[in-house]
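Me: I have a structure open that I have not looked at before. Could you go through it with me, one question at a time?

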Amino acid sequence: MSILDWARQVRLLHPNEWEVVLTPANLTTTVEALCANPRNHFTDMFGVEMGGERQLRLLFALDSEHGWLHLVVPVTGDSPHYTSLVEVCPATLWYEREVAEECGIIPSGHPGPLHLRLPDDWPEGVYPHGGGFSWQDKIPAVAPHPVELASAPDGIVDYPLGPVRSGVVESGHYLLRTAGEELVDMRLQLFYKHRGIEKRAEGCSLLHLPLIAERISGTSAFAHSLALCEAVERAAGIEAPPRARYLRTLFAELERLYNHHGYQADLCQATGLVVGQAQFDVLKERLLRLNARLAGHRYLFGLNVPGGLSRDLTDTERQVIDEELRFQRRTFTVLEELLFRSNSHIDRLERTGTLPPELALAWGAVGPVGRAAGVDRDLRRDHPYAAYAELDFAVPLETDGDALARARLRLEEVRQSFRLIDQILGSLPSSAVRVPPEACMVRPGVSALGWVESPRGEGVHWLSFGEQRQARRYRVRTGSFANWQTFPAAVPGHNILTDFPVIEQSFGLSFAGADR
Amino acid sequence: MVTFELLDEPDSSITEPSTALRRQIQHLFGRSLHIRHVDAGSCNGCESEIKLLTSPYYDIHRLGIFFTTTPRHADLLLVTGAITRAMVDPLQRTYAAMPEPRLVVATGACACDGGIFGRSCLTLGRLSAILPVDTYIPGCPPTPLALIHGLLLTLGRAEQRLHRQILAHHADGKA
Amino acid sequence: MELGWLLRGWRTGIVTTPYPTRPDPPPQGFRGRPQLDGERCRIDDGCTVCVEVCLPRALRLETVPNGLDRRLVLDLLPCIMCGLCVQACPTGALHMQSDGELAVRSPQDAQTIVPLEMEVSSDGHI
């Protein structure tokens, strides 16, 4: 029986987007019932404050209905409580901490500390999304109150790594617990880079929102601005013109290509295969230069606007893409073969950093990390957006869950991207690429969801509007955030010196995307 | 310890190096420079470009510039990002661990002057509020070529192209 | 196996940029930086469209230290090169340039300033 028949007061917000209002008392049973169906997936959980009223919102992806279900739980009082959902749905662990810290809605019975994303010197009781202050307000610092860990038992050594780590990498902190060279456990301390993007977006106009979305994760800029623009378009009840939908798909796949090349380069660096790194960097750089030529920006910033794209593709540019793609395809085939013949590389990936499939599913692993561990989901296929419904592509799947599976999966995804781009170039509809900005009329109080399969996993954006077409609340769940939760599970039993860098690179996660 | 809220007022202890000192530093580092990069809240765009500096297309080693893993071996601190609250302390500690003389370069719109974030409840908005900055490389993100130019400028091996410009202004009918 | 990589590297050839010995210009249409043309700017007529669309406040109206005059400042340091100001400018006083050598030693060097002619006030100040 579908959940949509089971729940009584289901309201259709937009096509494929439903909403049910619940009380805190019947939240647990509802989530339990939803999780019982393996085709329903917990996606996001956040708090909203509007006009003095607070809401706890959960989002589930209903894959068999190709739709999304919002569970809305209005809460009242100074410190509203609900029963922690971690037992019925483990993936909510970090989300509940975030809601508690940033909205003041407390999960009773939550197993861990509630402090997660805000800096250690942030005063308690100041809720960024609990209303009452703007992003520019100065919040005084208090004595730092970091999350304290139990000290290591005898014979076990805590090895802190970060936030400033070796190489040109993003900032994040790992606390590695080791017995000799063997890793026995680890704790993650991310969120050093928390810039408050969602808070920053409050009060921003439609003109500026894409600029903010692009900077959630610079290397997935197009994916995130696409999700945002789709959310705006759904809220306004309009659709981008056909040509814009195809071009968005094209650019999204170009972005996936350069990211996946960069991923292989990083993985080669971790295993010491310097020639492989150089070769994949060449492919990546060529695509970035192509981007610069097509969009005026190497990372495709400034291309997505609500209602379409800011610029069209000329026939010459189409040929340029075609030629570059032919080069990419040819070179990529050679490089892939060389990779698999490089035992020094493959041996270090095999059975390294295994994420068990049952854990991946329970903890909500998404994107390439999930698909490499048997989670057969891809928003491009299961919840088609842009022009994916009209194009033919396969979703590769691996079941081993190790670093090799993740690397192989991305190699296959590159080939599928080549296929997609070929199809798009061959069947590009002719129409305008943008509806006039005046058509993007969003009424105050309207909200909508946008989603995208970014190179690092699914990104889900929820946007609610206030007066004058300004954002009132912006919520972003990136693929990296979902996948970081699963990362520590892949670490125990491996060597800190030789395996850890490989595991880290094989997940290919972004700190910026997770920290926001 | 410097806390986040104390950083609103410009730190008077931060001074620019004198021209003579700067020339001496440039002489020291002119042909061999080691960089420590610190991400203080970027979107990963700057990191992606900085990483490409060592790729075959840019091969920054040919210019005698190298990336080092530890600040203790570093001559130059390359900072990206809008200086988030949580990164203020690690950034200052990294700087303190560097031997003198040391150079600091602000990379990208966020580190130069806040970019889209500016001074907010969670970001400091600009690197110059906590460290003496030698060179600013604007851009969002700066391209690898812009980064090379910025690094060479810091070493006195390139010309600065931009200068403060005060434009004569003649609006219609008022000229 | 090693031979395969070697061959691949040899086929790739030399791809390294000639920069800084010779220039390596970005492709046409690359958004390097906005440039302001004081002759065409209509700030005197009260046009502040560019200031309104600029998210990072790279374009802003400032009061000159004497406390009386104001000026339009284009500051490249916080500029994110989004090009919204160029699209918004009604007189074409702003346009995008593709050059990339933007590094400066001092924040002031990244500024372009258009002094704003004030109405003659009662005490004779311009």
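Me: How many residues of chain B are in contact with chain A, and how many of chain A with chain B?
Reply: In this predicted model, 43 residues of chain B are in contact with 52 residues of chain A, where contact means heavy atoms within 4.5 Å. Residues are numbered from 1 along each chain as its sequence is written, and chains are lettered from A, with ligands numbered from 1, in the order in which they are written. Local features need pLDDT of at least 70, side-chain atom pairs count only at pLDDT 80 or more, and totals for chains, interfaces and linings use all residues, while side-chain values use heavy atoms, with hydrogens and water left out.

Me: How much area do chain B and chain A bury between them?
Reply: Chain B and chain A bury about 4000 Å² between them, with 62% of it on carbon and sulfur atoms; buried area is the accessible area (1.4 Å probe) that two parts lose on being put together, summed over both. On the chain B side, the residues that lose the most area to chain A are B:Tyr57, B:Arg85 and B:Ile116, which together make up 17% of what that side buries.

Me: How many salt bridges are there between chain B and chain A?
Reply: There are 4 salt bridges between chain B and chain A, a salt bridge being a side-chain nitrogen of Lys or Arg within 4 Å of a carboxyl oxygen of Asp or Glu. One of them joins the side chains of B:Lys51 and A:Asp266, at 3.3 Å from N to O. Chain B and chain A also have 21 residue pairs in polar contact, both residues at pLDDT 80 or more (a pair of N or O atoms within 3.5 Å; within protein, one must be able to donate a hydrogen and the other to accept it, and residues adjacent in sequence count only if both atoms are side-chain atoms).

Me: Which element gives the largest share of the chain B side?
Reply: That is H2(B), with 7 residues of the side that touches chain A. Strand E1 (33-39), helix H2 (45-52) and helix H3 (88-97) of chain B each supply at least two residues there; helices (H or I, at least four residues) and strands (E, at least two) are DSSP runs, numbered from the N terminus.

Me: And what about the other contact, how many residues do chain C and chain B put in?
Reply: Chain C gives 44 residues and chain B gives 44 residues, and the two chains bury about 4000 Å² between them, 55% of it on carbon and sulfur atoms. In chain C, C:Leu77, C:Ala103 and C:Arg105 lose the most area to chain B, together 20% of what that side buries.

Me: Which side chains meet in a salt bridge there?
Reply: The count between chain C and chain B is 1 salt bridge, and the side chains of B:Arg161 and C:Glu101 meet in it at 2.5 Å, N to O. Across this interface there are also 15 residue pairs in polar contact, both at pLDDT 80 or more. On the side of chain C that touches chain B, E5(C) gives the most, with 5 residues.

Me: Which strand of chain B pairs with E5(C)?
Reply: Strand E6 (residues 165-166) of chain B pairs with E5(C) in the parallel sense over 2 bridges, and B:Ile166 stands opposite C:Ile113 in E5(C). Two strands pair if DSSP finds at least two bridges between them.

Me: Switching topic, in what order do the strands of the chain B sheet run?
Reply: The open sheet has 5 strands in the order E2-E1-E3-E4-E5 of chain B, with parallel pairing. Strand E2 (65-67) and strand E5 (135-137) of chain B stand at the edges with a single partner strand each, so one side of each is left without a neighbour in the sheet. E1(B) and E2(B) pair over 3 bridges in the parallel sense, and B:His34 stands opposite B:Phe66 in E2(B).

Me: Which strands does H2(B) touch?
Reply: H2(B) packs on the sheet and touches E1, E2, strand E3 (76-80) and strand E4 (103-107) of chain B, its direction making about 140° with that of E3(B). Axes are lines fitted to C-alpha atoms, for helices over the stretch in contact, and angles run from 0 to 180 degrees between N-to-C directions.
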